[in-house]
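Dear colleague,

Please find below the structure that I am handing over to you, together with its sequence.

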Amino acid sequence: MIDSHLHLDDAKLSSMVDEIYDSFADCGIEFVINNSCDMPTMTNGVELANKYENIFATVGMHPHESKHFNQKFVSLMKQYAKHPKVVAVGEIGLDYYYDLSDRLTQRDVFAQQIEIADSLHLPLTLHVRDAYGDAWDILRAQKKHLNNGVLWHCYSGSAEFARQMVREGHYFAFGGAITFKNAHKEDVFQQIPMERVLSETDSPYMSPEPLRGRVNTPLNIPIIVAKIASFYGMDVETTEAQIRENTLRLFPKIKTYLKK
């Protein structure tokens, strides 16, 4: 199984990485992707990728941190992107729920990072909360730079928006939220072909039921995969195989690395 989005360098998990990693095989986890939010987490992600065979990394700045975006960060992004285990630009996007950076800055930094990702030939991993309209406006304006794939991390938008993004060839990752009793995601999954779905935990956040309220870890990914399987009326093994195929299609550097 694959966890396409998590934060192992978070303070809630960083002291347990060895223990968690040693349990990957027992939980059927093939590999995970540690996502960047700012300069320290970007560096931490590359260090994790260097240390652990089955951990990959991304580069990029979370919308919360957009106010800190500068040329030094861009230079480091480009440097790290040369690493064979850095597989995407993310997580980037817009977050109007917390507004920890002003919205104009968020939009500008999002657009800039889309262009950088294209120059690096890397797909995008998006964080979008309460800002789907503006995010789509920016993606349309930057369409010429969308040449390497787009993933909506922890997708929480509408079924109609999902249908629209499916037509654009985008992918969608789902985590613990789909297991919540009030999730009501059936209409969303009806609009998304199984060939566009990825699994994630967003650890240490958003633990699935029945572990809600506890610190999340990638070891909970079997719960997510089983829930995704239930939406499509598929068995877990077939679902797992399809998610793996989807992940390697979107993140081709992983496929290249696994052949080594």
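On the surface, Tyr97, Tyr98 and Leu100 form a nonpolar patch with about 330 Å² of accessible area together. Patches are made of residues with over 30% relative accessible area and no salt bridge, with like charges joined within 9 Å and nonpolar side chains (Val, Leu, Ile, Met, Phe, Trp, Tyr) within 5 Å. A salt bridge is a side-chain nitrogen of Lys or Arg within 4 Å of a carboxyl oxygen of Asp or Glu. Accessible areas come from the Shrake-Rupley method with a 1.4 Å probe, and for residues only the protein chains shown count as cover.

Please note that this is a predicted model, in which local features need pLDDT of at least 70 and side-chain atom pairs count only at pLDDT 80 or more, while totals for chains, interfaces and linings use all residues. Residues are numbered from 1 along each chain as its sequence is written, and side-chain values use heavy atoms, with hydrogens and water left out.

Helices (H or I, at least four residues) and strands (E, at least two) are DSSP runs, numbered from the N terminus. With a relative accessible area of 47%, tyrosine 98 is partly exposed; buried means under 20%, exposed over 50%, and partly exposed in between (1.4 Å probe, protein chains only).

Helix α3 comprises residues 71-81, and its buried residues are Phe73, Val74, Leu76, Met77, Tyr80 and Ala81. They lie on the same side of α3 because they cover an arc of only 165 degrees around the axis, the arc being that of the directions from the helix axis to the C-beta atoms. These buried residues pack against α2 (39-51), β3 (55-59), β4, α4 and α10 (252-258), where contact means heavy atoms within 4.5 Å. The face turned away from the buried side carries the exposed residues Gln71, Lys72 and Gln79.

Serine 4 is located in strand β1 (residues 2-6) and is buried, at 1% relative accessible area. Its side chain reaches the backbone oxygen of serine 199 at 2.9 Å. Leaving aside residues up to four places away in sequence, serine 4 touches Ile33, Asn35, Ala173, Leu198, Ser199 and Glu200.

Some backbone features also deserve mention. Most residues other than glycine have a negative phi, and most peptide bonds are trans. The peptide bond from glycine 90 to glutamate 91 is cis, with omega near 0 degrees, and glutamate 91 lies in strand β4. Also cis is the bond from serine 203 to proline 204, with omega near 10 degrees. Proline 204 is found in the loop between β8 (197-199) and α8 (221-232). Methionine 206, in the loop between β8 and α8, has a positive phi of about 55 degrees.

Yours sincerely

How values were computed. Polar contact = N/O pair within 3.5 Å; in protein donor to acceptor, adjacent residues only side chain to side chain.
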